[in-house]
Amino acid sequence: SVGGFSFAASDGLRRVQFEEAQRVALAVGFAQPRGPEVLRALARLPGVWRVEPVVTVPVRLVAGARRRSAVVVAVAEDARLRRGVDADGRAVPLPADGLLLSRARARLLAVAPGDRVRVEVLRGDRPVVALRVGALLGDLVGTNAYLPAAAGARALRQGAAADGAVLAADPARLDALYRTLTRTAAVESVRARAAYQRAVDDVVA
């Protein structure tokens, strides 16, 4: 069946990443950024419990002579499905002002909370802004940076359009929901939780 929901995570990394950080039944990617009307249409599909937008912005982070590619994830204040968590599975609040930066990325850039980093957006009109590191996140997988959605839209000039969405849904309806989504014109890709499991397996193997 879609998603392989029989997985029983045996180590802390998988438990934290998937049960705490990504409480997602299905993730969809849009063929092009979409507005809130598409999210409302997804929420009306039979079996869907919750829909949250996915807004990811490819950037280059620069601190002095150090520079690293990264992805800034814009997170809504009421997000439940995708959120930054620490190594103990606790949700980490987004700083009111500045980036929530993974510790791994902070080490590579040699920055700490209170430091400023140059953020070079790598799409659209490619704005360049300086943002403060507001807090660090001890995430176990990945080197993301997070911003509150409203602040991210303003600072990075990306608007409110979403690149995709994550869905919580009735497990009994996942197969039918998966088929419906793959036939939806606005949807370019559909992934179930099993795909996340395989991605983590690739990282930690």
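This report covers confidence, salt bridges and the surroundings of one leucine in a predicted model.

Residues are numbered from 1 along each chain as its sequence is written, and side-chain values use heavy atoms, without hydrogens and water. Local features need pLDDT of at least 70 and side-chain atom pairs count only at pLDDT 80 or more, while totals for chains, interfaces and linings use all residues.

**Confidence.** The chain has a mean pLDDT (the predictor's confidence in each residue, from 0 to 100) of 79, with 75% of its residues at 70 or more. Helices (H or I, at least four residues) and strands (E, at least two) are DSSP runs numbered from the N terminus. Confidence is lowest in helix 1 (residues 12-21), at a mean of 46, and highest in strand 5 (residues 116-121), at 95. Over residues 1-16 pLDDT stays under 50. Where pLDDT is low, the predicted coordinates should not be read in detail.

**Salt bridges.** A salt bridge is a side-chain nitrogen of Lys or Arg within 4 Å of a carboxyl oxygen of Asp or Glu. The count comes to four, among them these:

| Pair | Closest N and O atoms |
|---|---|
| Arg50 and Glu52 | 2.8 Å |
| Arg60 and Glu120 | 2.8 Å |
| Glu120 and Arg118 | 2.7 Å |

Arg60 in strand 2 (residues 48-63) and Glu120 in strand 5 are 60 residues apart, so this pair links distant parts of the chain. Glu120 is buried (under 20% relative accessible area; exposed is over 50%, partly exposed in between, with a 1.4 Å probe and protein chains only), at 12%. Shared partners join Arg60, Arg118 and Glu120 into one network.

**Leu108.** Leu108 lies in helix 3 (residues 103-109) and is partly exposed, at 33% relative accessibility. Beyond its neighbours within four places in sequence, Leu108 is in contact (heavy atoms within 4.5 Å) with Arg66 and Arg68.
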